[in-house]
Amino acid sequence: MNDKSVRRRDGVALWRQISDQIRLLAGGGELVANRLPTEMELASRFGVNRHTVRSAIAQLVREGFLRSEQGRGTFVIPQQRLSYPITARTRFSTGLDGQASDLRSQLVRYETQPADANVAAALNLDPGTDVIRIDTVSLADGAMISVASHWFEALRFAGLAERLEETGSITASLAGLGISDYTRRSTTIVAMHALDEDLNALRLGPGAIVLLLEAINVDPDGRPIQFSRTRFAADKVSLFVETPLSVG
């Protein structure tokens with residue numbers, strides 16, 4: 001029976017859809033000894049030709065998700081995923097503490113720009129208000145695990161980017177500007193195909209999935225101070241939400 005989740009004419013290449021389905025198959029507990037079905041079996045299952053299946057497998061091999069062994073078959077390489085908690089006080093370094101020996105964030109670029117409608121709404125500002133946009137990458141033991149864009153009100157947080165260059169920590173940089181504590185007001189998580197810029201930054205192959213996390217942090221008075229869009233490599237990080245999101 002053809003897998004109905006593979007659809008033609010929806011704007012997504014068939015090989016990319018097949019690669020997504022293979023990822024789901026690998027995580028669904030159906031495989032014996034992490035071994036994929038044959039190309040012919042997969043082609044029949046998804047209603048495509050073997051060339052399409054072969055293209056999908058080749059891409060997953062390049063990404064380090066699969067391993068092909070001559071005469072034996074194709075196997076899923078066990079992935080070591082970091083577990084990233086979404087809590088009332090989500091912090092990169094403390095959230096991954098104990099899972100990697102070297103955790104750090106790097107400043108990629110920053111600029112002052114007028115807030116668009118989405119950023120303005122998140123920060124409770126008028127559209128067009130100057131905001132500081134800061135782009136970062138986060139690494140765990142040298143592996144790129146996320147890229148992020150953060151926005152802050154420019155007038156209130158003048159000098160934040162320069163502090164981040166020195167400290168390598170948004171939390172420490174905010175503390176230097178008088179924000180000793182902040183909490184998470186909202187978090188939205190969506191799975192999506194990585195954009196080209198994120199493929200390059202996270203060193204992923206075409207068709208790779210990222211977890212997009214949009215978040216708003218507020219100061220102790222409940223005033224929004226930070227809006228972020230973070231993209232995590234789905235093969236490297238699992239997100240879990242603490243319930244309830246307690247503050248205290």
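Visitor: At 30% relative accessibility, what does R45 count as?

Guide: A residue is called buried under 20% relative accessible area and exposed over 50%, with partly exposed in between, so R45, at 30%, counts as partly exposed. Please keep in mind throughout that this is a predicted model.

Visitor: Which side chain does R45 meet in a salt bridge?

Guide: The general idea is that side chains of opposite charge can pair when their charged atoms come close. In this structure the side chain of R45 meets that of E30, with 3.5 Å from N to O. The pair links distant parts of the chain, since E30 is in the loop between α1 and α2 whereas R45 is in helix α2, 15 residues apart.

Visitor: How many salt bridges does the count come to, and where might I look for others?

Guide: The count comes to 15 salt bridges. One of them joins E153 and R223, at 3.2 Å from N to O, and this pair also links distant parts of the chain, with E153 in strand β6 and R223 in the loop between β8 and β9, 70 residues apart. E153 is buried, with a relative accessible area of 16%, whereas R223 counts as partly exposed at 41%. Another joins R72 and E69, whose closest N and O atoms are 2.3 Å apart; here R72 counts as partly exposed at 48%, and E69 counts as partly exposed at 23%. Salt bridges can also be linked, as in the network formed by R109, E111, R133 and D135.

Visitor: Which residue just after α1 takes a positive phi?

Guide: That residue is G29, with a phi of about 80 degrees. A positive phi is also found at A33, about 55 degrees, although A33 is not a glycine; A33 lies in the loop between α1 and α2 and is exposed, with a relative accessible area of 64%. D141, likewise not a glycine, has a positive phi of about 50 degrees, is found in the loop between β5 and β6, and counts as partly exposed at 43% relative accessibility.

Definitions and conventions
Residues numbered from 1 in each chain as written. Heavy atoms only, no water. Helix = DSSP H or I, 4+ residues; strand = E, 2+ residues; numbered from the N terminus. Buried < 20%, exposed > 50% of the residue type's maximum accessible area, 1.4 Å probe, protein only. Salt bridge = Lys/Arg side-chain N within 4 Å of Asp/Glu carboxyl O.
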